[in-house]
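Please look at the sequence and the model below.

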Amino acid sequence: MTAAGMQRMASRVFAALLASETASMTSAELAERLRISPAAVSGAIRYLSQVNMVSRERDPGTRRERYVLHNELWYETFTRRDQVLTRWEKVLDEGTELLGRDTAAGRRTAETAEFFAFLHGEMAGIMDRWRARKDAEKAAEKAAGRGEVKAGGAVTPGE
């Protein structure tokens, strides 16, 4: 994740949360697992919260906070990225007009805007296919859960 541009400590904290069974940990648990200071955990959590990758929840019955990965983390992250692409397209289109389409800088800006428009369109299709896939998986799990187990282990569909 650091190779993709995420801060080193935030990458470590995110990886620890991702690899944990519950996708959540307290600051003390993160500090112990990663052998880092509470201040390092705090800075990493601040960053991960700002980019909406984790949220804070109260540990029931205590004053401690538990840091939790968002459900459908990647879907939400890329949906927000889609909004960023839309803004970039608009800014680049405006830049193209300001620079002039007949200038080298204007042509580069226009090509960059065209690339982001292409990426935006492709991303929308990818996200739609992902949502359909997850919906189909949920429907299959629900259907499988309604089956009845007969003697010998055979499963028959429920009503």
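Contact means heavy atoms within 4.5 Å. Helices (H or I, at least four residues) and strands (E, at least two) are DSSP runs, numbered from the N terminus. This is a predicted model, in which local features need pLDDT of at least 70, side-chain atom pairs count only at pLDDT 80 or more, and totals for chains, interfaces and linings use all residues. Residues are numbered from 1 along each chain as its sequence is written, and side-chain values use heavy atoms, leaving out hydrogens and water.

- Three strands form an open sheet in the order 1-3-2, with antiparallel pairing; two strands pair if DSSP finds at least two bridges between them.
- Strand 1 (24-26) and strand 2 (54-58) are at the edges with a single partner strand each, so one side of each has no neighbour in the sheet.
- On average, neighbouring strands of this sheet are turned by 30° against each other, direction ignored.
- Strand 1 pairs with strand 3 (residues 65-69) in the antiparallel sense over 3 bridges, and Ser 24 stands opposite Val 68 in strand 3.

**Helices on the sheet**
- Helix 1 (residues 8-19) packs on the sheet and touches strand 1, strand 2 and strand 3. The direction of helix 1 makes about 80° with that of strand 3.
- Helix 3 (residues 38-50) lies across strand 2 and strand 3, at about 115° to strand 2.
- For these angles, axes are lines fitted to C-alpha atoms, for helices over the stretch in contact, and angles run from 0 to 180 degrees between N-to-C directions.

**Helix 2**
- Arg 35 follows helix 2 and has a positive phi, near 55°.
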